[in-house]
Amino acid sequence: MRVEVGDLLTNDAEALVRPLNAQLDPISAVGQRIEDAMGPEVGERIQQMGDFPVGGAFITPAGELSARFIIHVVVQSAEEPTTGNGVRRALVNGCRRAEEWGIGSLALPLVGVTPGALDPVEAASLMVAALEEGQAPEDVRLIAASEFEKEAFERALAKAGTVGVEEDDE
């Protein structure tokens, strides 16, 4: 696992992770940006799937994005707000989907940080543990959108015994 500072949408990983609610709507700005960039065909395909439980994960083609796939992870519902346990279950299941599809590289934003949910440091630590538990692909890129997110990811990796940071040239 390594931290990259930059834009998730332009990352060259094979798959991107996109956090959603149970109605399969984006719950963060980056999730909305992915939806806007993937194109209407993928969006229509997702909406036909119906609701998903918190902790669920599924894969779709990435549409017009540079990645090949999007791994959608459900981290909240009307009945279950975003919690560490919900994020952990969703990421572990997302890793399982990646393994089933033979995905070799995965890029993730900070998951679980929405108003009233997890703080960035807690979310980053939880993500690193969940990715290890879920046996994520060998090439995992934690995409920080700010210096604060970068520091949160770095702390989590240091605590787990792994450190790696790369600056995006854009």
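What follows is a short exchange about a predicted model and the terms used for its parts.

Visitor: Why is E14 called buried?
Guide: The cut-off for buried is under 20% relative accessible area. E14 has 19%, so E14 counts as buried.

Visitor: Where does E14 lie, and what does E14 touch?
Guide: E14 sits in the loop between β1 (2-5) and β2. Leaving out residues up to four places away in sequence, E14 touches A67, R68, F69, G102, I103, G104 and S105.

Visitor: How do you know what span to expect of helix α3?
Guide: The expected span is 1.5 Å times one less than the number of residues. Helix α3, residues 84-100, has 17 residues, and 24 Å is expected. From first C-alpha to last, α3 reaches 24 Å, close to that expected value.

Visitor: Which residues of α3 are buried, and what covers them?
Guide: The buried ones are G84, G86, V87, A90, L91, V92, N93, G94, C95 and A98. Their cover includes the strands β2 (15-21), β3 (57-61), β4 (69-76) and β5 (105-108), along with helix α4 (120-133).

Visitor: What makes β4 largely enclosed?
Guide: Buried means under 20% relative accessible area. Seven of the eight residues of β4 are buried, so the rest of the structure largely encloses this strand.

Visitor: How do you know that β2 and β3 pair with β4?
Guide: Pairing needs at least two bridges between two strands. Seven bridges join β2 to β4, so these two pair; they run parallel. Five bridges join β3 to β4, so these pair as well; they run antiparallel. In the β2 pairing, N21 stands opposite Q76 of β4. In the β3 pairing, A57 stands opposite V73 of β4.

Visitor: What makes a set of residues a nonpolar core?
Guide: The residues must be buried, belong to the nonpolar types, and be joined through side-chain atoms within 4.5 Å. The largest such core has 37 residues. I71, L108, M127, L142 and F153 have the most contacts inside this core. Helix α4 gives the largest share, seven residues. A second core, of 20 residues, is separate and includes V30, M38, V42 and I46.

Visitor: What is L142 in contact with?
Guide: Contact means heavy atoms within 4.5 Å. Neighbours within four places in sequence aside, the partners of L142 are M1, R2, V3, E4, L108, M127, V128, L131, F153 and L157. Among them, L108, M127 and F153 are also listed with the most contacts inside the largest core.

Note on methods. Residues are numbered from 1 along each chain as its sequence is written. This is a predicted model: local features need pLDDT of at least 70, side-chain atom pairs count only at pLDDT 80 or more; totals for chains, interfaces and linings use all residues. Side-chain values use heavy atoms; hydrogens and water are left out. Helices (H or I, at least four residues) and strands (E, at least two) are DSSP runs, numbered from the N terminus. Buried means under 20% relative accessible area, exposed over 50%, partly exposed in between (1.4 Å probe, protein chains only).
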